[in-house]
Amino acid sequence: MREAETQRVSSFATVLDRQTRMLRTAMGPTIAAALDDPEIVEVLLNPDGSLWFDRQGAGRAPTGESLTAADAERIIRLVAAHMRIEVHAGAPIVSAELPETGERFEGILPR
C-alpha cells in the first residue's frame with residue numbers, strides 16, 4: 001500500500017473508533033456495561049423504554065430499568081445513524097449488529 005493509502009485507512013479507522021466510543025458513551029452506563037459483558041448477546045429497547053438483555057444460555061430477561069422516551073429515541077436514532085439505517089414512524093425498528101463488540105441491538109421508537 002502506498003503511504004497516502006495507508007494514511008487514509010488509518011484515518012478512517014480512527015474516525016470509526018471515535019464514533020464507536022461516542023455511541024457507547026451515548027448509550028449510557030447500563031447499556032455500555034452490558035456491551036462489556038461477554039455473556040450479553042443482544043440488547044433490546046422496547047417502545048415503553050424497558051430495557052432487556054439476551055444473555056447467552058439464559059435467554060431474554062428484563063433489566064428492571066426503563067429509559068425515558070427522549071433517551072430511548074436518542075439512543076435508537078444514534079444507533080440507526082451509526083449503522084446508516086433509516087428510522088422513523090413508518091419504520092420504527094432498528095435491528096443491527098454493533099460495531100467492534102458484535103452484540104445485536106434492537107430498538108423500537110417510542111410511540
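Trainee: Where is confidence lowest in the protein chain, and where is it highest?

Mentor: Helix α1 (residues 3–26) is lowest, with a mean pLDDT of 70, whereas strand β2 (residues 50–55) is highest, at 96. The chain averages 87, and 86% of the residues score at least 70. Where pLDDT is low, the predicted coordinates should not be read in detail.

Trainee: Turning to the sheet, in what order do the five strands lie?

Mentor: The order is β3-β2-β1-β5-β4, in an open sheet with mixed pairing. Strands β3 (59–66) and β4 (93–97) are the edges, each pairing on one side only. Neighbouring strands are turned by 15° against each other on average, ignoring direction.

Trainee: How many bridges join β1 to β5?

Mentor: Four bridges join these parallel strands; Leu44 stands opposite Glu106 in β5.

Trainee: Which strands does helix α3 touch?

Mentor: Helix α3 (residues 69–83) packs on the sheet against β1, β4 and β5, with its direction at about 55° to that of β4.

Trainee: Which residues of α3 are buried?

Mentor: Ala72, Ile75, Ile76, Val79, Ala80 and His82 are buried in α3. They cover an arc of only 165° around the axis, so they lie on the same side of α3. The face turned away from that buried side carries the exposed residues Ala70 and Ala81.

Key. Residues are numbered from 1 along each chain as its sequence is written. This is a predicted model: local features need pLDDT of at least 70, side-chain atom pairs count only at pLDDT 80 or more; totals for chains, interfaces and linings use all residues. Side-chain values use heavy atoms; hydrogens and water are left out. pLDDT is the predictor's confidence in each residue, from 0 to 100. Helices (H or I, at least four residues) and strands (E, at least two) are DSSP runs, numbered from the N terminus. Two strands pair if DSSP finds at least two bridges between them. Axes are lines fitted to C-alpha atoms, for helices over the stretch in contact, and angles run from 0 to 180 degrees between N-to-C directions. Contact means heavy atoms within 4.5 Å. Buried means under 20% relative accessible area, exposed over 50%, partly exposed in between (1.4 Å probe, protein chains only). The arc is that of the directions from the helix axis to the C-beta atoms.
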